[in-house]
Amino acid sequence: MSDICFEDVSVGQDIPTVVKGPMSVTHVMRWSSAMENWHRIHYDWKFATEHDKLPDVVVNGSWKQHVLIQLLTDWAGERGWLWKTRFQFRGMNHPGDTITAWGRVTATERRGDFGVVQLEIGLRNHKGVEGTPGNATVVLPCRGGPAVPYPFDPACLGPASS
């Protein structure tokens, strides 16, 4: 976890990545069973390749969501707050893939005691192919100021300041 403050952030800055993998069928199956997602495309190679005509079993979408959330909450730290995120599943990941979650700051705005940070985010495989593009909004404390309150209420942000 980081102790990042709003003043530490600048537009264009990359945040630390999270790397997972190489993924195995065991990884995929464990996550699917933990989520009680018993769709055979996540563990049954013959079903996935013959019935659904996929190249292999596929990594569960909720696992990808988890990795993106980990990326953002690790970066925001204990005093920050992941406010919003959205992303699209545009590509599949399979056993053998190493997946990197990444983020880049696209905009910043001070709001009262806090800073609002916009980020472009995504998941890339080991070949550099982006399969899960998205964006996020993180609220960070200002240096010397209070932590973002839990539970987070957007009303605590106050007016924008320059």
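The following legends describe close-up views of a predicted model. Local features are reported at pLDDT of at least 70 and side-chain atom pairs only at pLDDT 80 or more, whereas totals for chains, interfaces and linings use all residues. Residues are numbered from 1 along each chain as its sequence is written, and side-chain values use heavy atoms, with hydrogens and water left out.

View 1. Thr 137 belongs to β5, which covers residues 134-141; helices (H or I, at least four residues) and strands (E, at least two) are DSSP runs, numbered from the N terminus. With a relative accessible area of 7%, Thr 137 is buried; buried means under 20% relative accessible area, exposed over 50% and partly exposed in between, for a 1.4 Å probe and protein chains only. The side chains of Thr 137 and Gln 118 are joined by a polar contact of 2.9 Å. A polar contact is a pair of N or O atoms within 3.5 Å; within protein, one must be able to donate a hydrogen and the other to accept it, and residues adjacent in sequence count only if both atoms are side-chain atoms. Beyond its neighbours within four places in sequence, Thr 137 is in contact (heavy atoms within 4.5 Å) with Trp 81, Leu 82, Trp 83, Lys 84, Val 116, Val 117 and Gln 118.

View 2. Buried positions of α3 include Trp 63, Val 67, Leu 71 and Trp 75. The buried residues of the helix pack against β1, α1, β2 (81-87), β3 (99-111), β4 (114-124) and β5. Gly 77, with a positive phi near 75°, follows α3.

**View 3. Two cis peptide bonds.** Most peptide bonds are trans. Gly 21 and Pro 22 are joined by a cis peptide bond with omega about 5°, and Pro 22 sits in the loop between β1 (14-20) and α1 (25-34). Tyr 150 and Pro 151 are likewise joined in cis, with omega about -5°; Pro 151 lies in the loop between β5 and β6 (160-161).

View 4. Most residues other than glycine have a negative phi. Glu 36, in the loop between α1 and α2 (45-51), has a positive phi of about 55° and is exposed at 62% relative accessibility.
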